[in-house]
Amino acid sequence: MAKKTLHLVAAASTLAATLAITAPTPASATEACIGTTTNGHGVDTDSGDCIYMNVYTAIDGRIVVKYSGNQNYDFYQLRWSRPGRAESQSRVRGTGSSGSWWALNNAWENTPYTFKVQACYSGIFGSDCTYWKTETYVK
């Protein structure tokens with residue numbers, strides 16, 4: 001019984017060490033206060049519209065884009081592209097300042113991916129959005 005317990009403890013320790021080594025770590029994180037949106041929200045640069053984006057490779061191989069802001073945004077939009085593929089745009093989940101995350105499956109190794117995120121306010125005459133926050137990432 002002691003031998004079986006010892007093997008179980010060793011296996012658990014090996015698994016924990018493996019997870020610690022391959023845990024998602026931010027490859028790059030950027031922060032910028034944009035100061036204003038396209039139609040004038042956040043004109044005060046001290047409390048302007050800030051977009052935060054963090055891109056990393058998850059344990060399962062997906063590229064994950066985490067995004068958030070500093071205002072009570074109504075929605076977020078994301079664009080992505082890679083060489084040989086046209087840029088696509090989607091309205092992605094997340095509201096308010098907490099934002100959310102989005103993942104790209106089947107990403108190619110050693111290929112630069114460009115991700116862009118913006119936060120938007122809904123309005124009667126259309127949306128008022130921040131400028132695009134851009135990050136290039138190689139898996």
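Modeller: A polar contact is a pair of N or O atoms within 3.5 Å, where one must be able to donate a hydrogen and the other to accept it; please keep in mind that this is a predicted model.

Biologist: With that idea in hand, what does the side chain of Gln118 reach at 2.8 Å?

Modeller: The side chain of Gln118 reaches the backbone oxygen of Thr130 at that distance, 2.8 Å, and the side chain of Gln118 also makes a polar contact of 2.5 Å with the side chain of Gln77. Gln118 is found in strand E7, and, leaving out residues up to four places away in sequence, Gln118 touches residues including Phe75, Tyr76, Cys129 and Trp132.

Biologist: Is Gln118 buried or exposed?

Modeller: Gln118 counts as buried because its relative accessibility is 7%, and buried means under 20%. Arg85, which has its place in strand E5, is partly exposed, with a relative accessible area of 30%, and its side chain is joined to that of Ser88 by a polar contact of 3.4 Å.

Biologist: Which residues touch the most other members in the largest nonpolar core?

Modeller: In soluble globular proteins, nonpolar side chains tend to be buried together. Here the largest nonpolar core has 20 residues, of which Ile63, Val65, Trp102, Leu104, Phe115 and Val117 touch the most other members. Strands E2, E3, E4, E6 and E7 each give two or more residues to this core, and the largest share, five residues, comes from E7. Setting aside neighbours within four places in sequence, Leu104 is in contact with Arg62, Ile63, Trp80, Tyr113 and Phe115.

Conventions:
Residues are numbered from 1 along each chain as its sequence is written. This is a predicted model: local features need pLDDT of at least 70, side-chain atom pairs count only at pLDDT 80 or more; totals for chains, interfaces and linings use all residues. Side-chain values use heavy atoms; hydrogens and water are left out. A nonpolar core is a set of buried Ala, Val, Leu, Ile, Met, Phe, Trp, Tyr and Cys residues joined through side-chain atoms within 4.5 Å. Buried means under 20% relative accessible area, exposed over 50%, partly exposed in between (1.4 Å probe, protein chains only). Helices (H or I, at least four residues) and strands (E, at least two) are DSSP runs, numbered from the N terminus. Contact means heavy atoms within 4.5 Å.
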